[in-house]
Amino acid sequence: MGKLIDSITREPVVFATVRIKDKALGVISNADGSFKIPKRFKISGELLEISSMGYDTKTVSLSNFKYDSIELIKMKSSLFELDEVVVREKRARKQELTASQIIERSIEKLSENLPENPYSYIGYYRDYQFNNTIYTNLNESLFEVYDQGFRSSDYKASKFIILESINNTDFPIDTIGRRPYDYKGRTKTIPNAFLDSYGGNEYTILRIHNPIRNYKINSFSFINRFEIDFTRNHIFNKEDDVIVDGNFLHHISFKAVDSYALDVKGHIYVTKDNFAIQGLEYAVYDKVMNERSTNKDRLLFKTKVEYVEESGKMYLSYHSMENIFTVAHQPKLQLEQVTLKLNRNSFVLKFNNALEDKSALRKSNYNVTFNGKKLRLKGLVLIEDVVELFPDLNNKNTLAMLQKIKLTGEGIKINNKTLNFNLRNLKDIDGNLINENWYENRKQFREFFVQKLKLEKLSLPNDNLFMDKGKPIFNEFQPIKKDDSLNEYWMNSPLPNVEN
């Protein structure tokens, strides 16, 4: 295993491209800068070629890697080696374009720079979640993607074949986190943001949120339709050029116009010769959360896309997406049962925790109705987690209702739709409010890395083994097409615990 760090800041270099030299095969570094390479490449004496935006490309021999330790690899920023005089001279030779003009040209050139003809590629996909310091729900797959070219609808026309699928049991399964997003019942949502799934599974969600490939459809907030909304929804600023594989790229930073409660930041990297978009990073933060907390990690969602040039066109290299999500848990304070006591003319309410005196002894917090009519209460008694309610028998209507209720019999648990206990403002001794859900934040990650690009003349297979986009990838009914060449590819499983 290896780990990439910045040679100056010592921070991890995330989502760097790690490839076997002179081959397309590779992975991207994880969120902690780590990556794994199969043993078979070390045995054959292969070299790794590591590249990332703003860093010098680095070549490392796999013979340096040891089985029982992590090889630390320092990445040097290419910006530190820029000759400022040379850069100024280069810029002086051409008329300076503004940041907005560069972006406008890059969008105009999309039809020239993206491949029009069908092609395919094989890549490694994973989605997982993060709860405190623990990775959970890790799913990994190898896909072959059949893209019909930029003129086609990616969602409708692109086809996927699952070559291998693993539900990684080295990582805990969190059933709550695996719920589908639910914006109606609010049981699982992204706070202050909405990412449309278009009815697709996790991988489909990831692809939809690549605004470059899907520049003609509504992708996500502020980006919207990339071809017409991106420039008018953002303010752009030119940064120092970056170098990738010896080539200078325009580096444009941007932020959203009128983002109100959200803080939107991003970067886009554009080649200087043909204005091809090589990279896009887009992040949305919650301003209110930032103000309330010193915790820097108030990210709502972030997507990062990188492209590589091949035969004069730009092809996907990798795409990552992460977002925070909130899951609703069952209320910590609930009414467990109601029992009728004939000899005392009372209702006994049993809760799942001891109640706090002040709220529990307030009669107005108990609203009891029978057939839609209010049953008046005379008094109540509280003993820890039990409340005994006494109806007002001096009220004729209440007395008549109680006589009807008594037909259920003494000691029988009340389970009658006509008798309703509406409880409000009750608290337990821990401060939990009656029937109030409690919420917890988690993180969701989706990542895809192209390991082999196939540009030969393409015809779609007719074996009906395409993935059903509407079903979970790891559904038992999803078809899997085993391939003899799978040993050419590999999966880059993250460490189960980030503290490792």
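**Figure 1. Surroundings of Asn201.** Asn201 touches Met467, Asp468, Lys469, Lys471, Pro472, Ile473 and Gln478, not counting residues up to four places away in sequence, where contact means heavy atoms within 4.5 Å. The model shown here and in the other views is predicted, so that local features need pLDDT of at least 70 and side-chain atom pairs count only at pLDDT 80 or more, while totals for chains, interfaces and linings use all residues. Residues are numbered from 1 along each chain as its sequence is written, and side-chain values use heavy atoms, with hydrogens and water left out. Asn201 is placed in the loop between strand S11 (188-189) and helix H6; helices (H or I, at least four residues) and strands (E, at least two) are DSSP runs numbered from the N terminus. Asn201 counts as buried because its relative accessibility is 5%, buried being under 20% relative accessible area, exposed over 50%, and partly exposed in between (1.4 Å probe, protein chains only).

Figure 2. The structure holds five cavities of 30 Å³ or more, a cavity being a set of points, on a 1 Å grid over the protein atoms alone, where a 1.4 Å probe fits but cannot get out. The largest cavity contains about 160 Å³ of space, with grid points joined across faces, edges and corners and the volume taken as the space filled by probe spheres set on the points. By residue class, the lining of the largest cavity divides into 10 nonpolar, four polar and four charged residues; Ala, Val, Leu, Ile, Met, Phe, Trp, Tyr, Cys and Pro count as nonpolar, Asp, Glu, Lys and Arg as charged, and the others, Gly among them, as polar.

Figure 3. A nonpolar core is a set of buried Ala, Val, Leu, Ile, Met, Phe, Trp, Tyr and Cys residues joined through side-chain atoms within 4.5 Å. The largest one has 51 residues, of which Phe143, Tyr203, Phe226, Phe230, Ile268, Tyr282 and Phe448 touch the most other members. S17 supplies the largest share of this core, five residues. Apart from neighbours within four places in sequence, Ile268 is in contact with residues including Ile103, Phe226, Phe230, Ile252, Phe254, Ile277 and Leu280, and also with His250, His251 and Gly279.

**Figure 4. Phe347 and a second core.** A second, separate core of 25 residues includes Val338, Phe351, Leu389 and Ile405. Phe347 lies in strand S19 (residues 346-351) and counts as buried because its relative accessibility is 0%. Among the contacts of Phe347, leaving aside neighbours within four places in sequence, are Val338, Leu340, Leu375, Leu389, Ile405 and Phe421. Phe347 and Leu389 are 42 residues apart along the chain, and their C-alpha atoms are separated by 5.2 Å.

Figure 5. Ile70 is found in the loop between strand S6 (58-61) and strand S7 (71-75), and it counts as partly exposed because its relative accessibility is 42%. Beyond residues up to four places away in sequence, Ile70 touches Met1, Gly2 and Lys3. The C-alpha atoms of Ile70 and Lys3 are separated by 6.7 Å, although these residues are 67 apart along the chain.

Definitions and conventions: On a 1 Å grid over the protein atoms alone, a cavity is a set of points where a 1.4 Å probe fits but cannot get out, and a pocket is an open set with protein on both sides within 12 Å along at least five of seven lines; lining residues have an atom within 4 Å of a point.
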